[in-house]
2 protein chains.
Amino acid sequence: MVEAQISITRELADRIREAESPQSQLVRFGPDKPLRLDAGVDLSPFQIAYQTYGALNAERSNAVLIAHALTGDQHVANTHPVTGKPGWWETMVGPGRPIDTERYFVICPNVVGACMGTTGPSSLNPRTGEPWGLDFPVITIRDMVRAQAMLLDHLGIGSLFAIAGGSMGGMQVLQWAVSYPERVFAALPIATATRHSAQNIAFHEVGRQAVMADPEWRLGRYLMEGTNPSRGLAVARMGAHITYLSDVALHRKFGRRLQDRSNHTFSFDADFQVESYLRHQGISFVERFDANSYLYLTRAMDYFDIAGDFDGVLANAFKGTPTRFCVISFTSDWLFPTSDSRAIVHALNAGGARVSFAEIASDKGHDAFLLEEPELFAIVRGFLDGAGKARGLKKA
Amino acid sequence: MVEAQISITRELADRIREAESPQSQLVRFGPDKPLRLDAGVDLSPFQIAYQTYGALNAERSNAVLIAHALTGDQHVANTHPVTGKPGWWETMVGPGRPIDTERYFVICPNVVGACMGTTGPSSLNPRTGEPWGLDFPVITIRDMVRAQAMLLDHLGIGSLFAIAGGSMGGMQVLQWAVSYPERVFAALPIATATRHSAQNIAFHEVGRQAVMADPEWRLGRYLMEGTNPSRGLAVARMGAHITYLSDVALHRKFGRRLQDRSNHTFSFDADFQVESYLRHQGISFVERFDANSYLYLTRAMDYFDIAGDFDGVLANAFKGTPTRFCVISFTSDWLFPTSDSRAIVHALNAGGARVSFAEIASDKGHDAFLLEEPELFAIVRGFLDGAGKARGLKKA
């Protein structure tokens, strides 16, 4: 079984410190600037942790916002301060990369509800001085985007040259285009959808139940009580991780190969490589992620349904939009299949938007957007080059 | 979150009683007749609980064995003694049904490792007088089949007219044809495969980790310690249940519809119908199933790999087989997709077997084999009619 291989005390202390005083750039919004949430309450004070790369040009016209996915964070193109691993999209973002930091000013904020410095359930509730836990209000994708718009205001950036993101990041991209069409020149929603499907809600619900079934979760008060629902969170991560890969990718990577042995052990040890791989995924995830944040962010994705805000007519969300779009999906992504991307494209077409669409042949499943996919890089680079010309950006 | 809505004490007592003295027909094999297991040990004494329907004819030529799936049991066509629900395949098995109990003598044994009266981890270990728990040896599909052959010997049935089963039941069907080709006249492997895929092993591993992460599991000793890992088992069941359905079926059944409310609650209640449905699936499952049995049976499926027993050449497993086969898959089954069934058919063809194959159009996913599928019923009835003629069986 998965053993918690970490010191609970040190880890919990680190988590609260990273939530309060992150190793990132930080903006704090005081009582005069509350974040108005869809839940009907104001979050105040609150803070946003973010990373930037490259330089804003004199015209302030080269800003690119990167929206991270469920388990991502602001460390898109630098070594992660907690794990020591490379940034999660270093192949995409950096000098000479498709999202070229020698040309663009790249901003990547941690989303509201997360655990790497932007206010979330592991942040301190100013009313009690203790971590929020489940007293943190349930947030939405629109809330994340609203907070990001406040960050742009703070940075003095009127409009983004582009915004890009995959999965939950793609949801933010779409919501940006709907909420602030005049502030988005070009949008790249990747491996995403305009609403979460019943199957995806179901998978999320299993993950949440796995967390909440862990007695160390303590109704969300584990940080106050010094416990750690790491086993429940590890199970949630293991289950989710399967959905990020394709059957073919799992087969190619592992097949039925045994782990460091030549025969079945006739036990519940990790006989198969795929078992020990999953256990590793679970263990390494809990070292860097907060269980309550997992609940809040999955909930935000479940609630996401753009058409629901437009009387069920998705096209109305994009009617007359000035933004140009590049929609991208992957053939083997069964979590956000190409049909979801086609629905986006149809709505954009119906709304009269300028849109290009690419379905990339890949057997790597949903995770393909994070991986070495030359066709993805070429498409993003080409789309941004074209948009840059239209925007009058200078070449790097 | 999922609450344990059952009295632990009563439930555990009931479980041990059902394992020892089931409300079924029962055969006990004494020390002279051990079950030789693939793990290299003898299980002895052991018992098999089974149900029968219809009558064996004078020639003893009309016996049909039904092999149940992971969470099934011997109560295929009668009211379940624990849940009070109809038998799990009453639409398929019964008077006038495709597997017609007015014509065939139907036998459905509970598999070794399960929890409804055939020896398994909740049975009493004769050496200690306590439930076996994790001291029960890890069993395989071949062990299940070997035990069933002993049951047939006991009943004086030399050869089966037919054997049918879906999913893990289909694995037993295939193993029967490989282990005892002369004892199987006709075989119906449905929605199954000759080996478990990496993705399926991965899903099983998550379910096992969910059970083992529950502190009430107590390293498998919960029956001795009076605890109940019901929350872990419920999470395992919820996750597995998603894989039994298709995305389309979930969408049709639930979509994003809310549960008894008109707006999101901005909480972690079951806002969506699909959430409360899954929670119900988890809760009702733990009322009738043993957590350790879940570990053992998923493990048996993971280990299943017929080609592995034949130097990787699947066709050799079926070379010169006298059995006639009817292989059936469902278009929307992504757990055991049609490609798995085609692999069976190719191997059977290469082995020179008599085989027919049907892929049934259904959007109900893997569970389709248990549901009202007229085309499935027609194919099973037609195949058995043809086989009955070849066998010289009288019409009912």
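1. By what turn, and with what shift along the axis, can chain B be laid on chain A? The turn is 180 degrees and the shift is 0.0 Å, with an RMSD of 0.0 Å. The two copies are thus related as by a two-fold rotation axis. Keep in mind that this is a predicted model.

2. Now look at where the chains meet. On chain B, 46 residues are in contact with 46 residues of chain A. The same surface serves both copies, since 100% of the contact residues of chain B recur in chain A.

3. Which helices of chain B each supply at least two residues of the side that touches chain A? They are α4 (198-213), α6 (230-244), α7 (247-253), α8 (273-286) and α9 (291-303). The largest share comes from α4(B), with 12 residues.

4. Next, the make-up of that side. Where chain B touches chain A, 26 residues are nonpolar, 9 are polar and 11 are charged.

5. Turn to helix α2 of chain A, residues 141-155. Its 15 residues should span 21 Å at 1.5 Å a residue.

6. Which residues of α2(A) are buried? They are A:Ile141, A:Arg142, A:Asp143, A:Met144, A:Val145, A:Ala147 and A:Gln148. These buried residues pack against strands β2 (35-36), β4 (46-53), β5 (63-66) and β8 (105-109) of chain A. They also pack against helices α3 (168-179) and α9 (291-303) of chain A.

7. Last, see what comes after the helix. A:Gly156 follows α2(A), and the phi of A:Gly156 is positive, near 75 degrees.

Notes
Residues numbered from 1 in each chain as written. Chains lettered and ligands numbered in written order. Predicted model: local features only at pLDDT ≥ 70, side-chain atom pairs only at ≥ 80, totals over all residues. Contact = placed C-beta atoms within 7 Å. Helix = DSSP H or I, 4+ residues; strand = E, 2+ residues; numbered from the N terminus. Nonpolar A, V, L, I, M, F, W, Y, C, P; charged D, E, K, R; others polar. Least-squares fit on C-alpha atoms with pLDDT ≥ 70 in both. Expected span 1.5 Å × (residues − 1). Buried ≥ 20, exposed ≤ 12 C-beta atoms within 10 Å, placed from the backbone.
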